[in-house]
Amino acid sequence: MVTLYQLEGCPYCELVADRLDELDVEYDSVWVEGLHSKRNEVKRVSGQRQVPVIVDEDRGITMAESERIVDYLDATYA
């Protein structure tokens, strides 16, 4: 199962969500707060408050930064 932590209106988050959709990867979205200081769930999962973040539970991967995430998705699910 893949979980995407994202922020509404974030173009980097949309890039990752679009790639997940293109690759037909089923995922859950967790919508986070706009204020960095309120993104405690993202910090708990990834150690930082930046989005997007994906958690690929089946592969034991937690990753931030949209470009890295898209490269990972392409390598893993394409």
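This is a predicted model: local features need pLDDT of at least 70, side-chain atom pairs count only at pLDDT 80 or more; totals for chains, interfaces and linings use all residues.

**Entry: a loop to begin with**

With that in hand, I looked up Glu-65 and found it in the loop between E4 and H3. Its phi is near 75°, a positive value in a residue other than glycine.

**Entry: the whole chain**

Next I stepped back. I counted three helices and four strands. From the N terminus on, they follow the order β-α-β-α-β-β-α.

I asked myself what radius of gyration a compact globule with 78 residues would have. The C-alpha trace spans about 35 × 25 × 20 Å along its principal axes.

I looked up burial too: 36% of the 78 residues are buried. For contacts between residues at least 6 apart in sequence, I found that 51% join residues at least 24 apart.

Then I turned to the record. An unreviewed UniProt entry annotates residues 1-78 as "domain: GST N-terminal". Over those residues I read 40% helix and 23% strand, with the end C-alpha atoms 16 Å apart.

**Entry: helix H3**

I followed the loop of Glu-65 onward into H3. This helix covers residues 66-77, which makes 12 residues. From first C-alpha to last it reaches 16 Å, close to the 16 Å expected at 1.5 Å a residue.

Which residues of H3 are buried? I listed Ser-66, Ile-69, Val-70, Tyr-72 and Leu-73. Seen down the axis of H3, the buried residues fall within an arc of 160°, so they line one face of the helix. On the other side I found Glu-67 and Ala-75 exposed.

I also looked for what covers the buried residues of H3, and the cover includes helix H1 (11-22), E3 and strand E4 (61-64).

**Entry: the cores**

The largest nonpolar core has 12 residues, among them Val-2, Leu-4, Val-16, Ile-54, Met-63 and Leu-73. Strand E1 (2-6), H1 and H3 each supply at least two residues of this core. Which element gives the most? It is H3, with four residues.

I picked Leu-4 from this core and listed what it touches beyond four places in sequence: the partners include Cys-13, Val-16, Ala-17, Leu-20, Tyr-27 and Ile-54. There is also a second, separate core of 10 residues, which includes Tyr-5, Cys-10, Val-30 and Val-55.

Val-55 sits in strand E3. Is it buried or exposed? Its relative accessibility is 13%, so Val-55 counts as buried. Beyond its neighbours within four places in sequence, I found Val-55 in contact with Met-1, Val-2, Thr-3, Tyr-5, Val-45, Ile-61 and Thr-62. I also looked up Val-55 and Tyr-27: they are 28 residues apart in sequence, and 9.6 Å apart in space from C-alpha to C-alpha.

Asp-56 lies in E3 as well, a strand of residues 53-56. I looked up its burial: Asp-56 is at 0% relative accessibility, so it counts as buried. With neighbours within four places set aside, the contacts of Asp-56 are Met-1, Val-2, Ile-61, Tyr-72 and Tyr-77.

**Entry: backbone notes**

I finished with the backbone. Most peptide bonds are trans, and I looked for an exception. I found a cis peptide bond joining Val-51 and Pro-52, with omega about 5°. Pro-52 is in the loop between helix H2 (40-46) and E3.

My last stop was Asp-24, in the loop between H1 and strand E2 (27-31). Asp-24 has a positive phi of about 60°, although it is not a glycine. Its relative accessible area is 71%, so I wrote Asp-24 down as exposed.

Notes
Residues are numbered from 1 along each chain as its sequence is written. Side-chain values use heavy atoms; hydrogens and water are left out. Buried means under 20% relative accessible area, exposed over 50%, partly exposed in between (1.4 Å probe, protein chains only). Contact means heavy atoms within 4.5 Å. UniProt positions are given in the numbering used here, feature names are shortened, and annotations may be inferred rather than shown by experiment. The expected span of a helix is 1.5 Å times one less than its number of residues. The arc is that of the directions from the helix axis to the C-beta atoms. A nonpolar core is a set of buried Ala, Val, Leu, Ile, Met, Phe, Trp, Tyr and Cys residues joined through side-chain atoms within 4.5 Å. The radius of gyration is taken over C-alpha atoms; the globule rule is 2.2 Å times the number of residues to the power 0.38.
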